[in-house]
Amino acid sequence: MDFDKEYFNLGVLDTLSYKNTLIHRLDARTKVIATFAFIVTVVSFPKYEIAGLIPFFLFPAVIFSLGDIPFWFILKKVLVVSVFAVFIGIFNPLFDTHVMYDFLGIPVSGGWVSFFSILLKFFLTMCSALLLISTTSFPGICHALRKLGIPEIFISQLLFLYRYIFVLMEETLRMVRARDLRSFGKRGQGMSIFINLLGTLFIKTIERAERIYHAMLSRGFSGTIHFVKRDSLRKGDFLCLSITGVVLYIFRTYGIVSLIGKQAERMF
Amino acid sequence: MTHHIIDFKDVFFRYPDGTEALKGVSFRITHGESIGLVGANGAGKSTLLLQMNGYLLPSSGFINIGDLELTKKTRQDIRKKVGVVFQNPDDQLFMPTVYEDVAFGPLNLGMSAERVIDRVNSSLQTVGCLDLREKPPHHLSGGQKRAVAIATVLAMEPDILVMDEPSSDLDPKSRRYLMRLLKGFKHTKIIASHDLDFILEVCERCLVIKDGRIVADGTVSDILTNQSLLEENNLELPLSLQKTHIMDASAKGGLLPDPSHLHSDSINRETGMATAASETCGVMEGTLK
Amino acid sequence: MHMSDALLSPAVGATFWAGTLGTIAYCSKKMKENLDEKMIPLMGVTGAFIFAAQMVNFTIPGTGSSGHLGGGMILAIILGPYAAFIVMASVLTIQALFFADGGLLALGCNIWNLGIYPCFIGYPLIYKPIVQKGMSPKKILVASLLSVFVGLQLGAFSVVLETLFSGRSELPFGTFVLLMQPIHLAIGVVEGFITAGVINYVKAARPEILESIAEMRPLSSEIKVKKVVLALLAIAIIIGGIVSWFASSNPDGLEWSIERVYGKPELPEHETGIVALLRAVQERTAFLPDYTFKKKETLKEQETTGKEEVASAKGEEAPRSDANAWPNVEAGTSVSGILGSAMMLSLIFLIGYGIKAIKKKGAKRRNGISHPAG
């Protein structure tokens, strides 16, 4: 994808994460744990599962609407990254050709069933990751991870990385634009120029690191970053987490879809 | 009261690659003074500022700040007295939110959580950015970043404030705001800048540095009206003073002063314009892709 | 290539997360022991550099297509293995969140695949030894190419293994390997050249940079071959143990592994030993006092027999059902399944829209109060 577009997309998600809705106000730990639980539950379904996955769409639906997240934007992102999963998944119908079901007269092979299952799982898991970052600021996620036990050096790394991604992307953008303006067709976009670009960027990066270090020293830095302790678990968080857990369990354990379907069948 | 005195005595500094950046700098700054530091690029301004809080130590000579002589051992303490605001606020705002950036200094000083909160709030209040507390730095405008950068330093309640090009990249409104802000500070102030009008407004005394030496030390009104001194140092009269010249000239008969002394700058200006143009084109180019 | 959540099973995902977290903890400890404070901002901005660099594209000579940088090797060379692993992990974390690159469960696998091999095998076992005896640009190129190649091959192979053990994909091992390895060979060549190119560029332009960073590394960053081999053996044993534990306690994995061995989803009834015990446990826990369960059991029986009849009429073998999936969940592309899915989805849709409508009303009401008509 185009550098400009990637930078823009990054910015959109980042801005979304600072909104103020019911979902955004939940503690980051709640959302991280819930997202992981969701993903593990979805992925735990066996390979031919389709109907059992359907109820799980409730989660993204609720978060999209409560969190005011633009649906098509997220959908586009999911589509863009689907290449690998689709590429590997499409081999399933090729290798698994035994007929599993009769779909209104058409025989459906197991391969297609498992492929479709992969697609559903893909959509659900990717959505949940993107929804996590759209409803929780990245620093929030980092602090949640820290409180959940991840080592502080890694947390500092995440926070610094996040802080300077935007700065560096802008610097790189300027250099890339300058390169693209002075190159015609494919000439000028080659490897040696790329390497020069990276080399220059790297040197600038090191110089910047030097200045940042100086700024840190000037404000008394002596080896460890002290984090501001702000505890924010509330009743709402516990409630949310328990509801999520219960619903996930119910969806995973009981075939809601076939239940509904059979009742409907009986009625018609 | 010797607390807030800065004393440079014959300071020499040589970089590891051999460049002699400071060749015998001496001056004395007393409590509450506001000093402008001006000079050509490469004259040694930045090196001088880097000595102020001990990031660089003099190769020879003495620096006394407060009661302390600057050495490797004392520089941590000196940093509690001297707050440095750097030229590029992105280098200074390295925490994920404004709040955490301003709290960084106080937390390193070992303050309790409540005191930290107080300090952060009052510093942000002073620079008028209290509502930006929870924002990440990359969501701030240039002027806001600069203001917050100042707050990060104020939060440590230093006695001496050192600033490197504080008004660069600021829009006129933010610049005006910054001027007012600094004029209100009671700290000892040392401001290095090319923005001579800024220095004219904010400072009382002016040091001119050239080739690693202080070549002039006087009041702002003496130094910044001395056209020949300024021009020797690749500077010129503050624009606000120049305008009176232009107005006088046009009143006398319409001819503008001879711009040939600006000639060496005109080439820079041209390339500057070309870069700006290509960047604008770059924007258009980017969207066409 | 990044591993994807949809192709992963919880067992494999959890195993690799355990490995990754363990390594992060280990590297963090190592860095703490002897940290030059300057490393902290340096690691941060270097990570941002790699991140930005990964987004710049370039044309691959000869093919005309565009390529991207991976970066693990460059990081290891510049920052040393421990710091590099942490930086790589952080970059991949941001990508997993902001770009949905792979997924959050697969993140554990991806950090492992793209971090462990360059940092703890490529760099110490290949790059360093070659470069030890003199750092000419040519030597750096050779060292880069080889270490990147090995790192990428191992990483690609790991993806194959992770997919295989998860059992969601039907790709046979052989085919998958034949797909992955050559592609990563090509990627490796390009990345090797870029790695060497950047290192040589920096060495030529500002040699003191790399030296000063090298001085900042934790003292004990010398990794010995023996240590690495022993560690890998230990890890392999642990991974094997965890996966098989999961497989046996999770009947889903049980079904799969049984299938792989016997070719059928169900064991022959007379099996004894731990398998029978687990089976018994499974059957017992399936008897929860619940209407749905019993109902479904009987319905399923009807369905399987029904299908068998249909199948035998057609002369095909009876279709497998997901009967052994724990807990009992139907796969349902029968009519009730479709009907149920449609109704469920409509319900979910309605809930979503309903929430949005309520929010809009609430906002209108609030705006109405604060902006009186006029």
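In the predicted model, 74% of the contacts in chain A between residues at least 6 apart in sequence join residues at least 24 apart. Chain A comprises 13 helices and two strands. Its radius of gyration is 24 Å, well over the 18 Å that the globule rule gives for 268 residues, so chain A is more spread out than a compact globule. Along the principal axes, the C-alpha atoms of chain A fill a box of roughly 75 × 55 × 30 Å. Of the 268 residues of chain A, 49% count as buried.

Chain A is divided into domain 1, covering residues 1–137 + 234–268, and domain 2, covering residues 151–233. The C-alpha centres of these two domains of chain A lie 33 Å apart. Six residues from domain 1 of chain A and five residues from domain 2 of chain A take part in the contact between them. On the side of domain 1 that touches domain 2, the residues divide into two nonpolar, no polar and four charged.

The contact between chain A and chain C takes 103 residues from chain A and 98 residues from chain C. Helix α11 of chain A (residues 191–218) supplies the largest share of the side of chain A that touches chain C, namely 17 residues. By residue class, this side of chain A divides into 70 nonpolar, 22 polar and 11 charged residues.

Chain B contains an open sheet of four strands in the order β2-β1-β4-β5, with antiparallel pairing. Strands β2 (20–29) and β5 of chain B form the edges, each pairing on one side only. Between β1(B) and β2(B), which run antiparallel, there are seven bridges, and B:V11 stands opposite B:V25 in β2(B). Strand β1 of chain B (residues 6–14) also pairs in the antiparallel sense with β4 of chain B (residues 60–65), over five bridges. In this second pairing, B:S60 of β4(B) is the bridge partner of B:F12. The sheet continues from β4(B) to β5(B) (residues 68–69), an antiparallel pair with two bridges, in which B:I65 stands opposite B:L68. The hairpin of β4(B) and β5(B) has two residues between the strands, and B:G66 takes a positive phi near 65 degrees there. Helix α1 of chain B (residues 45–52) lies across β1, β2 and β4 of chain B and runs at about 60 degrees to β2(B).

Another open sheet of chain B has six strands in the order β6-β7-β8-β3-β9-β10, with mixed pairing. Its edge strands are β6 (82–85) and β10 (213–219) of chain B, each of which pairs on one side only. From one strand to the next, the twist averages 20 degrees. Strand β9 of chain B (residues 205–210) pairs with β10(B) in the antiparallel sense over six bridges; B:L207 stands opposite B:D217 in β10(B). Helix α6 of chain B (residues 142–154) lies across β6 and β7 (160–164) of chain B, running at about 165 degrees to β6(B).

Conventions
Residues numbered from 1 in each chain as written. Chains lettered and ligands numbered in written order. Predicted model: local features only at pLDDT ≥ 70, side-chain atom pairs only at ≥ 80, totals over all residues. Pairing = 2+ DSSP bridges. Rg over C-alpha atoms; globule rule 2.2 N^0.38 Å. Buried ≥ 20, exposed ≤ 12 C-beta atoms within 10 Å, placed from the backbone. Contact = placed C-beta atoms within 7 Å. Axes fitted to C-alpha atoms, helices over the stretch in contact; angles between N-to-C directions. Domains from an automatic or database assignment. Nonpolar A, V, L, I, M, F, W, Y, C, P; charged D, E, K, R; others polar.
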